[in-house]
Amino acid sequence: MKAKINFTFICLFLFIGFSGIRISLFAQKEIPANFCISVEESKLYNLVNEYRKAMKLPAIPLSKSLCYVAKAHLKDLVTNKPDTSTCNMHSWSNKGDWKPCCFQKNKDNKVCMQSKPTEITNYPGLAFEIIYWESKEATAEFAFKQWRETKSSQSVIINAEKWEGFSWNAIGVGIYGGYAAIWFGEELDVEKETKVCGKNIVFTNSPPSNPSEPQLVTTATNRFYLIFGSFNSINDAKKEAKKYSAEGFKKTKIISKDNKFRISLSDYASKELAVQGKNELPSKYKDAWIMEYK
(Lines give C-alpha, C1' and ligand atoms only; values in the text may rest on other atoms or scores of the structure.)
Protein backbone atom coordinates (compact mmCIF):
# COMPACT_ATOMS: atom_id res chain seq x y z
CA MET A 1 0.00 0.00 0.00
CA LYS A 2 1.24 3.51 -0.66
CA ALA A 3 0.15 6.79 0.84
CA LYS A 4 1.43 10.32 0.83
CA ILE A 5 1.93 11.88 4.23
CA ASN A 6 3.63 15.26 4.59
CA PHE A 7 5.07 14.81 1.09
CA THR A 8 6.74 11.57 2.12
CA PHE A 9 5.76 8.35 0.40
CA ILE A 10 5.00 5.56 2.85
CA CYS A 11 4.81 1.88 2.02
CA LEU A 12 3.96 -0.93 4.45
CA PHE A 13 3.84 -4.66 3.85
CA LEU A 14 3.00 -7.56 6.10
CA PHE A 15 4.25 -11.05 5.40
CA ILE A 16 1.83 -13.76 6.47
CA GLY A 17 3.28 -17.23 6.86
CA PHE A 18 3.50 -20.21 9.12
CA SER A 19 5.97 -21.28 11.77
CA GLY A 20 7.84 -24.53 12.25
CA ILE A 21 11.34 -25.93 12.33
CA ARG A 22 13.24 -26.28 9.07
CA ILE A 23 16.69 -27.53 8.22
CA SER A 24 18.40 -25.17 5.81
CA LEU A 25 19.97 -26.39 2.59
CA PHE A 26 22.51 -23.59 2.95
CA ALA A 27 25.66 -23.70 5.05
CA GLN A 28 24.75 -21.77 8.14
CA LYS A 29 26.79 -18.62 8.71
CA GLU A 30 28.40 -17.22 11.80
CA ILE A 31 27.30 -13.66 12.49
CA PRO A 32 30.31 -11.30 12.40
CA ALA A 33 31.74 -10.72 15.87
CA ASN A 34 31.43 -6.93 15.47
CA PHE A 35 27.75 -7.02 14.52
CA CYS A 36 25.65 -4.59 16.55
CA ILE A 37 22.38 -2.73 16.24
CA SER A 38 22.11 1.04 16.08
CA VAL A 39 20.70 3.25 18.81
CA GLU A 40 17.70 3.92 16.56
CA GLU A 41 17.13 0.18 16.11
CA SER A 42 17.32 -0.36 19.86
CA LYS A 43 14.68 2.36 20.19
CA LEU A 44 12.43 0.44 17.79
CA TYR A 45 12.85 -2.71 19.87
CA ASN A 46 11.93 -0.83 23.04
CA LEU A 47 8.87 0.71 21.37
CA VAL A 48 7.57 -2.77 20.52
CA ASN A 49 7.90 -4.05 24.08
CA GLU A 50 6.53 -0.86 25.63
CA TYR A 51 3.45 -1.26 23.46
CA ARG A 52 3.11 -4.94 24.38
CA LYS A 53 3.48 -4.06 28.06
CA ALA A 54 0.64 -1.54 27.73
CA MET A 55 -1.43 -4.37 26.26
CA LYS A 56 -0.46 -6.59 29.24
CA LEU A 57 1.66 -8.87 27.05
CA PRO A 58 5.14 -10.22 27.90
CA ALA A 59 8.26 -8.68 26.41
CA ILE A 60 9.91 -10.48 23.48
CA PRO A 61 13.64 -11.24 23.82
CA LEU A 62 15.84 -9.46 21.29
CA SER A 63 17.38 -11.88 18.79
CA LYS A 64 20.82 -11.16 17.38
CA SER A 65 20.14 -13.59 14.53
CA LEU A 66 16.86 -11.97 13.52
CA CYS A 67 18.42 -8.50 13.79
CA TYR A 68 21.15 -9.67 11.42
CA VAL A 69 18.53 -11.04 9.00
CA ALA A 70 16.55 -7.78 9.18
CA LYS A 71 19.62 -5.66 8.38
CA ALA A 72 20.76 -8.01 5.61
CA HIS A 73 17.34 -7.83 3.98
CA LEU A 74 17.14 -4.05 4.15
CA LYS A 75 20.63 -3.66 2.69
CA ASP A 76 19.63 -6.03 -0.12
CA LEU A 77 16.53 -3.94 -0.83
CA VAL A 78 18.53 -0.71 -0.93
CA THR A 79 21.46 -2.05 -2.93
CA ASN A 80 19.98 -4.67 -5.26
CA LYS A 81 16.32 -3.63 -5.42
CA PRO A 82 14.65 -7.08 -5.68
CA ASP A 83 11.24 -5.43 -5.18
CA THR A 84 9.84 -4.74 -8.64
CA SER A 85 6.40 -4.23 -10.13
CA THR A 86 5.62 -7.91 -9.51
CA CYS A 87 7.84 -8.64 -6.48
CA ASN A 88 7.05 -6.81 -3.24
CA MET A 89 9.34 -5.73 -0.42
CA HIS A 90 9.53 -9.21 1.10
CA SER A 91 11.59 -10.26 -1.91
CA TRP A 92 15.32 -11.06 -1.86
CA SER A 93 17.78 -10.71 -4.73
CA ASN A 94 20.19 -13.30 -6.16
CA LYS A 95 23.16 -11.27 -4.91
CA GLY A 96 23.71 -12.97 -1.56
CA ASP A 97 24.22 -16.30 0.22
CA TRP A 98 20.52 -17.07 0.27
CA LYS A 99 17.85 -18.41 -2.01
CA PRO A 100 16.45 -15.54 -4.12
CA CYS A 101 12.78 -14.73 -3.60
CA CYS A 102 10.22 -12.92 -5.67
CA PHE A 103 7.46 -12.63 -3.12
CA GLN A 104 4.04 -12.25 -4.69
CA LYS A 105 0.90 -12.10 -2.58
CA ASN A 106 -1.00 -14.73 -4.54
CA LYS A 107 1.89 -17.13 -5.08
CA ASP A 108 2.76 -20.09 -2.88
CA ASN A 109 6.32 -19.00 -2.13
CA LYS A 110 6.04 -18.22 1.57
CA VAL A 111 8.60 -20.80 2.72
CA CYS A 112 11.32 -19.04 0.75
CA MET A 113 10.69 -15.96 2.89
CA GLN A 114 10.15 -17.77 6.17
CA SER A 115 13.37 -19.74 5.96
CA LYS A 116 15.75 -16.79 5.54
CA PRO A 117 16.83 -16.90 9.23
CA THR A 118 17.86 -20.57 8.90
CA GLU A 119 19.59 -19.89 5.58
CA ILE A 120 21.93 -17.15 6.77
CA THR A 121 22.17 -17.64 10.56
CA ASN A 122 21.94 -20.42 13.13
CA TYR A 123 18.43 -19.41 14.16
CA PRO A 124 16.52 -22.71 14.63
CA GLY A 125 13.13 -21.82 13.14
CA LEU A 126 11.10 -19.89 10.63
CA ALA A 127 10.16 -16.25 11.12
CA PHE A 128 7.71 -13.56 9.99
CA GLU A 129 8.47 -10.09 8.73
CA ILE A 130 6.66 -6.77 8.74
CA ILE A 131 8.35 -4.09 6.67
CA TYR A 132 8.02 -0.38 6.05
CA TRP A 133 9.42 2.14 3.59
CA GLU A 134 9.40 5.89 3.21
CA SER A 135 11.18 8.17 0.75
CA LYS A 136 13.42 9.71 3.41
CA GLU A 137 15.51 8.21 6.20
CA ALA A 138 13.31 5.90 8.28
CA THR A 139 13.01 6.47 12.03
CA ALA A 140 11.94 4.07 14.76
CA GLU A 141 9.16 6.29 16.03
CA PHE A 142 7.50 6.99 12.69
CA ALA A 143 7.84 3.42 11.41
CA PHE A 144 6.36 1.98 14.60
CA LYS A 145 3.51 4.52 14.48
CA GLN A 146 2.56 3.27 11.01
CA TRP A 147 2.66 -0.37 12.09
CA ARG A 148 0.70 0.33 15.25
CA GLU A 149 -2.03 2.10 13.28
CA THR A 150 -2.24 -0.59 10.57
CA LYS A 151 -4.45 -3.45 11.72
CA SER A 152 -2.62 -6.22 9.85
CA SER A 153 0.78 -5.37 11.32
CA GLN A 154 -0.59 -4.40 14.72
CA SER A 155 -2.13 -7.86 15.08
CA VAL A 156 1.28 -9.48 14.56
CA ILE A 157 2.92 -7.27 17.18
CA ILE A 158 0.32 -7.99 19.86
CA ASN A 159 -0.64 -11.55 18.87
CA ALA A 160 -4.19 -10.67 17.93
CA GLU A 161 -6.70 -12.28 15.55
CA LYS A 162 -5.02 -14.95 13.38
CA TRP A 163 -1.76 -14.44 15.31
CA GLU A 164 -3.34 -15.17 18.68
CA GLY A 165 -2.08 -18.74 18.69
CA PHE A 166 1.56 -17.76 18.17
CA SER A 167 4.11 -17.22 20.95
CA TRP A 168 6.92 -14.84 20.06
CA ASN A 169 10.19 -15.82 21.72
CA ALA A 170 12.51 -13.85 19.44
CA ILE A 171 12.38 -10.51 17.66
CA GLY A 172 14.77 -8.81 15.28
CA VAL A 173 14.77 -5.15 14.24
CA GLY A 174 16.45 -3.31 11.40
CA ILE A 175 16.54 0.23 9.99
CA TYR A 176 18.48 1.13 6.85
CA GLY A 177 17.93 4.01 4.46
CA GLY A 178 14.20 4.50 4.08
CA TYR A 179 13.39 0.98 5.25
CA ALA A 180 12.52 -0.50 8.62
CA ALA A 181 11.68 -4.12 9.41
CA ILE A 182 10.76 -6.34 12.32
CA TRP A 183 11.08 -10.13 12.30
CA PHE A 184 9.16 -12.35 14.74
CA GLY A 185 10.01 -15.96 15.62
CA GLU A 186 8.59 -18.58 17.95
CA GLU A 187 11.92 -20.27 18.68
CA LEU A 188 14.39 -18.84 21.19
CA ASP A 189 17.59 -17.65 19.51
CA VAL A 190 20.79 -19.63 20.08
CA GLU A 191 22.73 -16.33 20.13
CA LYS A 192 22.79 -15.00 23.69
CA GLU A 193 23.64 -11.29 23.43
CA THR A 194 23.00 -8.34 21.12
CA LYS A 195 25.15 -5.21 21.42
CA VAL A 196 24.21 -1.61 20.64
CA CYS A 197 26.83 0.09 18.45
CA GLY A 198 29.00 2.59 20.30
CA LYS A 199 27.15 2.13 23.58
CA ASN A 200 27.78 0.08 26.67
CA ILE A 201 24.42 -1.60 26.20
CA VAL A 202 23.93 -5.33 25.75
CA PHE A 203 20.55 -7.03 25.39
CA THR A 204 20.68 -10.50 26.90
CA ASN A 205 18.66 -13.16 25.17
CA SER A 206 16.60 -14.97 27.77
CA PRO A 207 13.18 -16.61 27.64
CA PRO A 208 10.29 -14.22 28.24
CA SER A 209 8.89 -14.37 31.72
CA ASN A 210 6.07 -16.86 31.79
CA PRO A 211 2.72 -15.25 32.45
CA SER A 212 0.96 -16.43 35.58
CA GLU A 213 -1.83 -17.82 33.40
CA PRO A 214 -1.46 -20.09 30.33
CA GLN A 215 -2.25 -18.47 27.00
CA LEU A 216 -5.94 -18.63 26.11
CA VAL A 217 -6.81 -18.96 22.41
CA THR A 218 -10.36 -17.86 21.64
CA THR A 219 -10.38 -17.26 17.87
CA ALA A 220 -9.54 -19.40 14.85
CA THR A 221 -5.84 -19.46 13.95
CA ASN A 222 -5.75 -22.08 11.14
CA ARG A 223 -3.17 -23.99 13.20
CA PHE A 224 -3.09 -27.62 14.28
CA TYR A 225 -3.09 -28.31 18.03
CA LEU A 226 -2.06 -31.43 19.96
CA ILE A 227 -4.94 -31.73 22.41
CA PHE A 228 -4.55 -33.63 25.67
CA GLY A 229 -7.54 -33.03 27.90
CA SER A 230 -10.87 -31.23 27.66
CA PHE A 231 -12.68 -29.42 30.48
CA ASN A 232 -15.96 -27.64 31.07
CA SER A 233 -14.31 -25.18 33.45
CA ILE A 234 -11.59 -22.69 32.53
CA ASN A 235 -10.16 -22.94 36.06
CA ASP A 236 -9.80 -26.73 35.79
CA ALA A 237 -8.11 -26.32 32.41
CA LYS A 238 -5.68 -23.74 33.82
CA LYS A 239 -4.64 -26.01 36.68
CA GLU A 240 -3.94 -28.90 34.32
CA ALA A 241 -2.19 -26.71 31.75
CA LYS A 242 0.26 -25.49 34.40
CA LYS A 243 1.20 -29.11 35.15
CA TYR A 244 2.07 -29.73 31.50
CA SER A 245 4.08 -26.52 31.31
CA ALA A 246 6.07 -27.67 34.35
CA GLU A 247 6.72 -31.00 32.60
CA GLY A 248 8.44 -29.23 29.71
CA PHE A 249 5.64 -28.34 27.30
CA LYS A 250 6.59 -24.69 26.91
CA LYS A 251 3.92 -23.96 24.29
CA THR A 252 0.99 -25.18 26.37
CA LYS A 253 -2.18 -23.27 25.55
CA ILE A 254 -5.88 -23.46 26.38
CA ILE A 255 -8.17 -23.56 23.35
CA SER A 256 -11.65 -22.20 23.97
CA LYS A 257 -14.08 -23.61 21.42
CA ASP A 258 -17.66 -24.92 21.45
CA ASN A 259 -18.00 -24.17 25.19
CA LYS A 260 -15.07 -26.48 25.96
CA PHE A 261 -11.59 -25.66 27.23
CA ARG A 262 -9.05 -27.96 25.60
CA ILE A 263 -5.39 -28.14 26.55
CA SER A 264 -2.89 -27.97 23.71
CA LEU A 265 0.58 -29.36 24.37
CA SER A 266 1.95 -27.75 21.22
CA ASP A 267 0.75 -26.36 17.90
CA TYR A 268 1.88 -26.41 14.29
CA ALA A 269 1.36 -24.76 10.92
CA SER A 270 0.39 -27.94 9.08
CA LYS A 271 -1.16 -31.31 9.78
CA GLU A 272 2.04 -33.02 8.65
CA LEU A 273 4.08 -31.18 11.27
CA ALA A 274 1.43 -31.92 13.90
CA VAL A 275 1.55 -35.65 13.09
CA GLN A 276 5.33 -35.54 13.40
CA GLY A 277 5.02 -33.74 16.74
CA LYS A 278 2.50 -36.28 18.00
CA ASN A 279 4.80 -39.16 17.06
CA GLU A 280 7.59 -37.57 19.11
CA LEU A 281 5.51 -37.27 22.28
CA PRO A 282 6.47 -39.35 25.35
CA SER A 283 4.44 -42.56 25.63
CA LYS A 284 2.23 -41.18 28.42
CA TYR A 285 0.89 -38.56 25.97
CA LYS A 286 0.24 -40.84 23.00
CA ASP A 287 -3.53 -40.38 23.42
CA ALA A 288 -3.20 -36.74 22.34
CA TRP A 289 -5.24 -35.91 19.27
CA ILE A 290 -4.87 -33.31 16.55
CA MET A 291 -7.38 -30.48 16.24
CA GLU A 292 -7.37 -27.83 13.55
CA TYR A 293 -8.82 -24.54 14.78
CA LYS A 294 -10.42 -22.82 11.82
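**Entry 1**

I looked up Phe-184 and, setting aside its neighbours within four places in sequence, I find it in contact (heavy atoms within 4.5 Å) with Ile-60, Leu-66, Ala-127, Phe-128, Ile-130, Val-156, Ile-157, Trp-168, Ala-170 and Ile-171. I note that this is a predicted model, in which local features need pLDDT of at least 70 and side-chain atom pairs count only at pLDDT 80 or more, while totals for chains, interfaces and linings use all residues. Residues are numbered from 1 along each chain as its sequence is written, and side-chain values use heavy atoms, with hydrogens and water left out.

For the cores I used this meaning: a nonpolar core is a set of buried Ala, Val, Leu, Ile, Met, Phe, Trp, Tyr and Cys residues joined through side-chain atoms within 4.5 Å, where buried means under 20% relative accessible area, exposed over 50%, and partly exposed in between, with a 1.4 Å probe and protein chains only. The largest nonpolar core has 33 residues, and Trp-147, Ile-157, Ile-182 and Phe-184 are those with the most contacts inside it. At least two residues of this core come from each of helix 1, strand 3 (127-134), helix 5 (140-148), helix 6 (151-157), strand 4 (170-176) and strand 5 (179-185); helices (H or I, at least four residues) and strands (E, at least two) are DSSP runs, numbered from the N terminus. Helix 1 gives the most, with five residues. Apart from this core lies another, of 21 residues, which includes Ala-70, Leu-77, Cys-112 and Tyr-123.

**Entry 2: the disulfides**

How many disulfides does a search of the whole structure find? I count as a disulfide a pair of cysteine sulfur atoms within 2.5 Å, and the search returns two.

In one, Cys-36 and Cys-197 have their sulfur atoms 2.0 Å apart, and the torsion about the S-S bond is about 100°, so I record this disulfide as right-handed. Cys-36 sits in the loop between strand 2 (8-14) and helix 1 (39-54), and Cys-197 in the loop between strand 6 (193-195) and strand 7 (202-204), so the pair ties together parts that are 161 residues apart in sequence. Cys-36 is partly exposed at 22% relative accessible area, and Cys-197 is also partly exposed, at 30%.

In the other, the sulfur atoms of Cys-87 and Cys-102 are 1.9 Å apart, and the S-S torsion of about -95° makes this disulfide left-handed. Both cysteines lie in the loop between helix 2 (64-80) and helix 3 (110-114), 15 residues apart. Cys-87 is buried at 9% relative accessibility, whereas Cys-102 is partly exposed at 31%.

**Entry 3: Ser-93**

I then turned to Ser-93, which is found in the loop between helix 2 and helix 3 and which counts as buried at 8% relative accessibility. Which side chain does the side chain of Ser-93 meet in a polar contact? It is that of Asp-76, at 2.5 Å, a polar contact being a pair of N or O atoms within 3.5 Å, where within protein one must be able to donate a hydrogen and the other to accept it, and residues adjacent in sequence count only if both atoms are side-chain atoms. Not counting residues up to four places away in sequence, Ser-93 touches Asp-76, Asn-80, Pro-82, Trp-98 and Pro-100.

**Entry 4: Ile-31**

Last, I checked Ile-31, which has its place in the loop between strand 2 and helix 1 and is buried, with a relative accessible area of 11%. Beyond its neighbours within four places in sequence, Ile-31 is in contact with Lys-64, Ser-65, Tyr-68, Thr-121 and Glu-191. Ile-31 and Glu-191 are 160 residues apart in sequence and 9.3 Å apart in space, C-alpha to C-alpha.
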